[in-house]
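I opened the notebook to go through this structure piece by piece.

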Amino acid sequence: MSQVLDDPASEVTLETPVDLRRIPLVANKRDLHWITEHVSRICEGPAPFWWWVCFLITSIVACIGLFCIGYQISNGVGTWGENHPAGWAWDITNFVFWIGIGHAGTLISAILFLCRQKWRTSINRAAEAMTLFAVVCAAIFPGIHVGRVWYAWFLAPVPNANGIWPNFRSPLLWDVFAVSTYFTVSVLFWYTGLVPDLGTLRDRAKSRAAKYLYGIFALGWRGSNRHWRHYELAYLILAGISTPLVLSVHSVVSFDFAASILPGWHTTIFPPYFVAGAIFGGFAMVLTILLPARYLVYPQLRDLVTVDHVDKMAKIILLTGSIVGYAYMMELFVAYYSGNKFECFTFFHARFNTDHSGWYQWAYWWMMFCNVVSPQIFWFKWARRNLIVVFIVCMFVNVGMWFERFVIIVTSLAQDFLPSSWGHYFPSWVEVWTFVGTFGIFLSLFLLFMRFLPMVAMSEVKIVTPEADPHAHGSGVGIDAHHPVEAASDSYKQSH
Amino acid sequence: MTEYHKVYGLGAQFASAAELMSAAETIRDAGFKSWDVHTPFPVHGMDKAMGLGKSWLSLPVLIGGTTGLITAVALECIPSFSIYPVIVHGKPIDWRTLPAFFPIMFELTILFSAFATVTSLLIMNGLPRWYHPVFNWERFSQVTDDGFFLVIEARDAKFNETKTRALLEEIGGKHVTLIHD
């Protein structure tokens with residue numbers, strides 16, 4: 001079988017040195033049925049005890065968050081600690097934090113697909129689900145921070161009650177379009193990928209209700225090649241349009257700041273810096289969720305989500321973390337080079353704190369440590385392959401990326417141009433618990449997803465197994481003889 | 001019961017993607033038109049083996065994307081230039097403000113393209129279609145697991161129950177079964 005795992009042509013492979021062979025993406029030579037069985041079984045049968053315990057905890061936290069949202073809506077934004085001059089604080093920090101997390105899912109599902117990174121297949125479903133739930137959490141904040149939520153429809157591109165249209169030149173309105181497009185396209189992409197796997201669950205379902213429900217959402221999928229032909233192109237197109245979309249979303253989010261004139265916000269480096277940071281934080285969150293899921297509760301996924309997957313994701317964290325570190329340095333340099341007093345004050349005094357005049361320098365240094373220093377351990381292979389180290393670094397990155405947004409938003413606002421208008425900001429309990437509550441919402445949705453939908457894209461993982469290659473299958477020794485031309489020229493095989 | 005139902009076609013199961021692919025080539029060369037293969041995942045090279053060309057799904061997507069772009073241009077320019085011009089920061093309210101409209105044009109192009117992709121995918125595949133004769137074949141449920149199937153429809157001009165069955169068995173088809181509507 002070994003020559004099957006590594007092509008292009010078996011004669012060549014037999015002479016390839018062992019250490020140059022590609023590591024199979026699915027470990028232990030699992031076959032197609034094994035994949036179906038072990039992934040589908042997660043959604044079948046009664047929910048395990050740990051699931052109920054986790055779901056109970058996360059849904060209680062979610063309810064606390066919903067209560068705080070209700071409290072804020074009924075009492076007004078005064079229940080938050082925001083006041084002049086820090087009119088944006090935790091709300092927008094949390095919004096940018098959550099929307100950034102979503103980016104890793106789209107990167108895995110779209111950009112890695114276009115780059116033919118086949119290892120993405122076993123993690124893309126869970127990462128895309130994470131994207132959707134993160135965007136749901138993100139969307140809560142701009143919705144409620146408008147204060148009078150019943151006026152949230154002013155965000156829509158329709159004339160308001162006075163017949164005034166929104167300002168289409170405002171980055172805040174661009175953001176409405178970017179985030180809603182991002183969510184909608186992510187749902188469409190995710191569902192398109194789910195349809196064949198829902199067909200699997202439909203065909204395996206024992207109970208009438210499950211058969212009925214999975215059947216409806218599977219849309220009558222029957223694996224027809226006349227369907228796959230269009231399906232594959234549709235998938236490619238969705239990946240192709242999601243790629244610029246995901247880069248645009250965080251760029252537009254960064255315009256909310258960059259298009260203003262506030263020192264610390266008014267920076268041209270923001271779009272690429274925000275996008276890199278979003279992918280960085282998102283990968284950390286993917287690993288934060290997947291590592292416990294794989295090691296603690298679903299050990300059967302070990303052959304699908306292998307240590308090599310973790311290793312590759314750790315490399316992306318290292319890369320994007322270093323880009324973020326570069327951006328931090330470049331911000332400081334540009335502030336120094338601009339010679340602008342206000343820029344210099346924000347970066348060197350309020351944040352860097354050269355003369356103890358900064359109020360939030362602890363947040364800045366904490367951000368520096370979490371985002372720039374902690375991922376550097378991933379230069380070492382042992383660290384990338386040690387799951388505990390990876391998990392700890394990911395937790396640092398999660399915290400650090402939240403602090404990055406806090407630093408950008410609050411330090412710039414609290415100490416701006418005129419010392420007489422400076423003002424401290426401190427969050428109220430409502431803000432804190434609303435943020436904690438979004439974690440409850442996020443994790444509850446993810447637990448429901450793990451329970452009812454296949455968390456590994458089965459039909460996609462099957463493509464990367466050796467059995468899926470129509471030219472190299474063990475039982476088809478005579479098959480190669482039928483089409484020697486394809487065996488040599490098929491680009492799919494070359495890229496294997 | 002089944003004899004009262006119309007015959008839909010003949011189905012055969014194959015052991016692997018490779019066997020199914022060579023079977024598909026034989027069926028293609030035999031000149032059948034109304035037939036299909038069913039697999040748990042897209043088999044690369046199967047389109048060629050079945051004699052199918054490239055999918056033309058990109059055309060509706062192009063139309064969708066263009067519609068999105070035009071919608072955005074209209075949505076931004078008509079209110080901003082004529083219905084209710086809002087002067088903010090002293091910025092112009094004519095064509096010189098267009099660069100500020102690009103982000104929304106881009107987003108709506110993507111949004112409409114995505115809807116066009118998914119909608120035309122469903123229409124071109126005739127989905128959702130919850131009932132299909134192949135589902136009457138019990139073995140067929142393996143298609144979403146690890147089964148590879150080839151189904152020749154009875155409406156094909158070259159279809160002949162005995163001869164087609166013999167052909168399918170000859171090219172390695174197992175469990176050759178008559179499927180009823």
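The entries below cover helices, their packing, the chain contact and some backbone details.

Entry: I am working with a predicted model.

**Entry: H5 of chain A.** I started with H5(A), residues 90-114. I counted 25 residues and a reach of 36 Å from first C-alpha to last, close to the 36 Å expected at 1.5 Å a residue. Where is the kink in H5(A) centred? I found it at Leu107(A), with a bend of about 40°. Then I looked up burial: 23 of the 25 residues of H5(A) are buried, so I noted the helix as mostly covered. Just past H5(A), I saw that Arg116(A) has a positive phi of about 60°.

Entry: I checked the loop between helix H4 (49-75) and H5 of chain A, where Pro85(A) sits. His84(A) and Pro85(A) are joined by a cis peptide bond, with omega about 5°.

**Entry: H7 and H8 of chain A.** I took the axes next. H7(A) and H8(A), residues 208-218, come within 8 Å and cross at roughly 155°. Angles over 145 degrees count as roughly antiparallel. H7(A) and H8(A) are therefore roughly antiparallel to each other. The crossing of H7(A) past H8(A) is left-handed. From H7(A), I listed Val195(A), Leu198(A), Gly199(A), Leu201(A) and Arg202(A) in the contact. From H8(A), the partners are Lys211(A), Tyr214(A), Gly215(A), Phe217(A) and Ala218(A).

**Entry: Leu219(A).** I looked in the loop between H8 and H9 of chain A and found Leu219(A) there. Its phi is near 60°, positive in a residue other than glycine. Is Leu219(A) exposed, partly exposed or buried? I put it down as partly exposed, because 18 other C-beta atoms lie within 10 Å.

**Entry: H9 and H10 of chain A.** H9(A) spans residues 225-258 and H10(A) spans 270-297. I read a packing angle of about 125°, with the axes 8 Å apart. That angle makes H9(A) oblique to H10(A). H9(A) passes H10(A) in a right-handed crossing. Among the contact residues of H9(A) I noted Leu247(A), His250(A) and Phe257(A). Those of H10(A) include Phe270(A), Pro271(A) and Phe274(A).

**Entry: chain A against chain B.** How many residues does each chain bring to the contact? I have 60 from chain A and 62 from chain B. Which helix of chain A gives the most to the side that touches chain B? H9(A) does, with 16 residues.

**Entry: H3 of chain B.** H3(B), residues 58-83, has 26 residues and reaches 36 Å, close to the 38 Å expected at 1.5 Å a residue. I found a kink of about 25° at Cys77(B), shortly before the proline Pro79(B). Pro79(B) is itself buried in H3(B). Other buried residues I noted there include Gly64(B), Gly65(B), Gly68(B) and Glu76(B).

**Entry: loops of chain B.** I placed His89(B) in the loop between H3 and H4 of chain B. Its phi is near 55°, again positive in a residue other than glycine. His89(B) is exposed, because 6 other C-beta atoms lie within 10 Å. The peptide bond from Leu127(B) to Pro128(B) is cis, with omega near -5°.

Technical notes:
Residues are numbered from 1 along each chain as its sequence is written. Chains are lettered from A and ligands numbered from 1 in the order in which they are written. This is a predicted model: local features need pLDDT of at least 70, side-chain atom pairs count only at pLDDT 80 or more; totals for chains, interfaces and linings use all residues. Helices (H or I, at least four residues) and strands (E, at least two) are DSSP runs, numbered from the N terminus. The expected span of a helix is 1.5 Å times one less than its number of residues. The bend at a residue is the angle between axes fitted to the seven residues ending there and the seven starting there. A residue is buried if 20 or more other C-beta atoms lie within 10 Å of its own, exposed if 12 or fewer, and partly exposed in between; C-beta atoms are placed from the backbone. Axes are lines fitted to C-alpha atoms, for helices over the stretch in contact, and angles run from 0 to 180 degrees between N-to-C directions. Angles under 35 degrees count as roughly parallel, over 145 as roughly antiparallel, 65 to 115 as roughly perpendicular and the rest as oblique. A crossing is left-handed if the near helix is turned anticlockwise from the far one by less than a right angle, and right-handed if clockwise. Two residues are in contact if their C-beta atoms, placed from the backbone, lie within 7 Å.
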